[in-house]
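This report goes through a predicted model. It takes up the fold, the domains and the contacts between parts in turn.

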Amino acid sequence: MITQAVAGNKGKKVRSDCHIEMEICNSGGRQIEIQSKVDVMFGKANRELINDILDFYNIENVKIQMFDTGALPFVIAARMEACIRKIENTDKAFLLNIEDFNTTDTLKEQQRFSRLYLPGNSPSMMLNAGIHKPNGLILDLEDAVAPLKKHEARFLVRNALRSLNFYGAERMVRINQGERGLEDLKYVVPHHVNLILIPKVEEAQQLIDVQNKIDEIKEEYNITHPIWLMPIIESAKGVLNAYAIAQATPTVSSMAIGLEDYTADLGVRRTQEAHESNFARNMVVTASVAAGIQAIDSVYSDVSDMKGLAENVKTSKSIGFTGMGCIHPRQVRVIHDNYAPDMVEIEKAKKIYRAFIEAKEKGLGVVSLGTKMIDAPVVKRAEKLIKLAIDTGKLDKDWINIGD
Amino acid sequence: MKKYDKLVTNAVGRIVPEIINGEAHVAFQGVGKYKPTGRKHAPLIPTCADFPDDGNKLQPNLKEALIKAGLKDGMTISTHHHFRNGDLIAVQIFDIAHELGVKNLRWFPSASFPSQARLTEYLADGTISHIEGSMNGPLGKFCSDGKMEKLAILRSHGGRYQAIQDGDVKIDIAVIAAPSADAFGNANGTNGPAACGLLGFALGDSQYADKVIVVTDNLVPFPCVPWQIHGNHVDYTVLVDKVGDPSKIVSGTTNITKSPDRLLIAEMTAQFCEEAGIVQDGFSYQAGAGGTALSIGVYFEEILRTRGWKARFIRAGSNQYPVSMLENGLVDYILDGQTFDLEGVRSMRENANHLDTSPFTSYNYHSKGNFASMVDVVILGATEVDVNFNANVVTHSDGQLLHGIGGWQNCLFSKCTILPIPLFRDRIPVIVDEVITLCGPGELIDVIATERGIAINPRRTDLIEKLKDSDLPIKTIEELKAEAEAICGKPEKPEFTDEIVAAIKWVDGTIIDVVRKVKEELE
């Protein structure tokens with residue numbers, strides 16, 4: 001029988017986390033030792049929280065050694081629970097109240113220019129992520145978490161979904177592949193996640209399995225808000241099945257491509273010019289558009305090269321992607337600025353929309369600009385672009401009355 | 001003798017002593033309220049008859065020089081922090097004092113550094129009775145624990161000059177470690193293997209101390225120019241093998257921050273200054289050597305470049321960033337108080353527009369004006385700020401004395417003082433109900449810029465008006481405080497004993513606050 005467990009990170013560079021060593025005993029009461037850099041300010045509160053959790057699990061005899069680098073309560077609770085649930089055979093979850101700001105829903109066509117990856121087991125990176133205003137924040141349970149930390153990361157990600165302020169970003173979680181990913185869903189679906197990223201999708205069935213599991217959990221917890229899926233295509237097989245994947249369930253809102261794994265699958269080097277992935281990227285875009293969902297590009301991994309990133313986004317936009325991942329908060333603005341409509345696009349859209357309004361006012365059935373006739377879908381696209389320009393601050397919302 | 005006596009409540013409501021180590025002091029009366037009368041302190045009148053006509057004041061070693069200078073019990077010994085953590089002289093002085101059995105010295109450094117931590121031994125054995133100056137790291141801890149025999153006094157750089165000039169502190173022996181000097185005592189910081197830029201912090205000591213010793217490892221034939229320190233003030237000169245460790249002279253934070261959160265604060269601060277109309281053609285600013293402050297400088301540079309503007313001067317702490325602005329024609333002058341990297345040293349040596357300043361020109365409050373109040377915007381830090389905009393720079397949130405004041409208090413007199421700080425650090429909220437130690441009155445602090453919002457001091461109605469349509473997240477300081485506490489929880493205050501361990505001086509020599517000993521936790 002296991003009586004000891006460890007959770008959390010410690011080390012020279014670790015901040016805002018706590019490392020807990022726990023041993024459940026048969027006697028001796030609660031022996032809690034806390035070493036904390038915020039002991040003067042939060043020592044009492046931390047002790048209370050730990051005792052509340054022990055009460056909740058009816059643990060009376062325990063040795064705890066906690067090394068705290070300024071962890072917030074939701075982090076401490078996650079580390080405590082991870083330890084306890086390694087030792088005790090229980091499904092009981094110690095949940096802090098879900099914050100009001102974490103009960104918002106998102107739309108299928110939500111703007112998804114940027115989504116920032118956050119390692120699911122690193123609290124310090126989560127705390128301020130939202131202030132950089134990405135469209136989405138991804139708590140990553142997959143590649144950014146070491147295999148030995150997968151279990152404890154689930155509690156941290158779950159607690160973050162309830163307590164962390166995302167500052168309006170869409171709350172996303174990337175689950176693991178296969179069975180482990182389906183198990184991950186239990187820790188995220190009941191906690192108002194907005195979107196699930198599914199890695200290494202090669203067949204539609206994988207998404208159907210995920211959706212079935214989500215439906216099962218949603219029913220169990222009586223959840224009605226939408227949970228969108230974003231499959232990530234990361235292999236040759238996935239590329240060829242892209243259209244089927246995009247259509248696998250009505251909840252698929254967007255489809256992303258992951259070029260690191262894709263180029264590895266091809267056995268080629270990933271280059272700056274990205275000729276090696278032309279086909280894959282075009283395929284993902286085309287399949288997404290055909291299925292009526294968003295096509296999302298791979299991350300740009302050189303976080304110090306903002307010029308390179310800007311060029312990359314321009315190319316990405318030109319072939320039809322409407323967003324990409326980011327791995328550093330400083331990438332967010334560059335991505336937004338370059339996916340957002342540019343002045344030429346905005347001016348053109350304004351002209352088309354004005355012509356449309358004029359035609360409507362005159363009761364004309366046909367919209368024309370100069371000598372050119374304009375089709376309805378063109379007007380619709382112009383309207384969409386104007387909305388985007390307003391949303392991204394590139395156009396005043398009162399533009400129609402302001403004139404040029 | 002009692003360490004302190006006659007407690008009174010000063011103008012900011014803090015209880016402070018009027019007697020410290022047996023000497024009378026004045027309690028803080030409000031900004032600009034205390035106006036001393038009388039004349040400045042006068043050093044002894046020397047005569048050329050007592051000094052060699054050939055100008056050679058060289059002594060065989062530091063020990064001989066100290067003995068000749070009359071080193072004895074109870075004296076005040078001053079040193080300077082031009083070499084920062086690479087200083088090799090201060091500790092040697094007290095090694096010599098210890099060897100000679102001299103006791104009860106007052107150490108009066110312009111700042112102390114971790115490399116001098118060994119001096120706690122001499123504080124413990126009575127060689128040094130107490131420190132008046134900045135205290136960092138282990139020395140701060142020693143003081144915080146109440147182990148110092150006499151009460152410590154902390155002053156700003158300008159306050160230190162004021163104290164010397166007014167005779168609040170009479171220096172018996174000033175030891176000036178210089179990267180370059182001649183045998184007469186002319187000295188500078190621009191040349192030599194330990195070049196550190198300038199020697200401004202030692203100016204007042206050279207002018208007012210009874211005895212002045214210049215120590216160098218780079219002795220040049222007369223004249224040593226530029227003569228930042230005039231040999232005419234100097235009694236003795238000493239040649240040593242090594243005066244400082246150049247690798248540690250260059251300060252740690254000389255690069256812009258890589259932290260995305262701090263970059264965001266820097267960007268918001270720069271945007272604030274732009275929208276407030278502070279950044280304009282011919283403006284001036286001071287940004288210290290911290291990563292965030294440096295980044296703000298870089299954003300200012302961008303604004304100037306984009307608009308085709310040029311700043312008139314940068315008050316520095318210089319390093320590669322202002323230097324490159326000077327060399328690229330984005331600023332007319334650097335007015336440098338201390339040089340933080342070798343680029344700064346090179347520029348000061350080569351560029352006539354890169355000027356050395358001293359606490360006299362920049363900061364001395366008992367003067368006919370100083371530069372500090374002419375700067376358009378100054379970027380500073382703080383460990384804590386309270387809802388009345390009062391700020392603390394010397395104690396941590398746990399109550400321990402861990403930092404010096406530096407030029408911080410003096411800079412508050414600029415036209416706009418901005419503190420860009422993270423809303424919380426490792427769960428410790430920066431905005432509190434009441435600062436533990438009040439180092440700067442809120443009336444002089446205009447803006448708190450955090451990653452989650454910017455608070456403008458309600459006194460600055462002009463700034464509030466200018467920013468009223470801004471996209472920046474302008475919030476009240478109470479809102480910011482509530483936001484931090486919603487994330488971190490409401491922190492408990494450290495508990496203090498009644499025992500005072502240090503006094504904090506305001507720029508005019510009055511006592512603005514004290515530091516008390518933290519209550520030991522009962523295990």
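## Barrel, domains and contacts

In this predicted model, 8 strands of chain A close into a barrel, in the order E5-E6-E7-E8-E9-E10-E11-E12, with parallel pairing. On average, neighbouring strands of this sheet are turned by 25° against each other, direction ignored. One of the pairings joins strand E8 (residues 195-198) of chain A to strand E9 (residues 228-233) of chain A, in the parallel sense and over 4 bridges. Within that pairing, Leu195(A) stands opposite Trp228(A) in E9(A). Helix H12 (residues 330-339) of chain A lies across strands E5 (114-119) and E12 (323-326) of chain A. The angle between H12 and E12(A) is about 170°.

Chain A as a whole contains 15 helices and 14 strands. Its C-alpha trace spans about 90 × 50 × 45 Å along the principal axes. Chain A has 404 residues, of which 45% count as buried. Among the contacts in chain A with a separation of 6 or more, 71% come from residues 24 or more positions apart.

The domain assignment divides chain A into domain 1 (4-87), domain 2 (100-339) and domain 3 (343-402). For chain B it gives domain 1 (40-132 + 169-248) and domain 2 (260-488).

| Domain pair | Distance between C-alpha centres | Residues in contact |
|---|---|---|
| Domain 1 and domain 2 of chain A | 32 Å | 12 residues of domain 1, 10 residues of domain 2 |
| Domain 1 and domain 2 of chain B | 32 Å | 13 residues of domain 1, 15 residues of domain 2 |

In chain A, 12 residues of domain 1 are in contact with 10 residues of domain 2. Helix H2 (residues 73-87) of chain A gives the most to the domain 1 side of this contact, with 7 residues. That side of domain 1 of chain A divides into 7 nonpolar, 1 polar and 4 charged residues.

In chain B, the contact takes 13 residues from domain 1 and 15 residues from domain 2. The side of domain 1 of chain B that touches domain 2 of chain B has 6 nonpolar, 7 polar and no charged residues.

Between the chains, the contact takes 19 residues from chain A and 17 residues from chain B. Helix H1 (residues 39-56) of chain A provides the largest share of the chain A side, 5 residues. By residue class, the side of chain A that touches chain B divides into 9 nonpolar, 6 polar and 4 charged.

One helix of chain B can be described in more detail. Helix H9 (residues 291-307) of chain B has 17 residues and reaches 25 Å from its first C-alpha to its last, close to the 24 Å expected at 1.5 Å a residue. The buried residues of H9(B) are Thr292(B), Ala293(B), Leu294(B), Ser295(B), Ile296(B), Gly297(B), Tyr299(B), Phe300(B) and Leu304(B). In chain B, these buried residues pack against helices H8 (260-275) and H10 (320-327) and against strands E14 (284-287), E15 (311-318), E18 (377-379) and E21 (417-420). Just after H9(B), Gly308(B) takes a positive phi of about 70°.

How values were computed:
Residues numbered from 1 in each chain as written. Chains lettered and ligands numbered in written order. Predicted model: local features only at pLDDT ≥ 70, side-chain atom pairs only at ≥ 80, totals over all residues. Pairing = 2+ DSSP bridges. Helix = DSSP H or I, 4+ residues; strand = E, 2+ residues; numbered from the N terminus. Axes fitted to C-alpha atoms, helices over the stretch in contact; angles between N-to-C directions. Contact = placed C-beta atoms within 7 Å. Domains from an automatic or database assignment. Nonpolar A, V, L, I, M, F, W, Y, C, P; charged D, E, K, R; others polar. Expected span 1.5 Å × (residues − 1). Buried ≥ 20, exposed ≤ 12 C-beta atoms within 10 Å, placed from the backbone.
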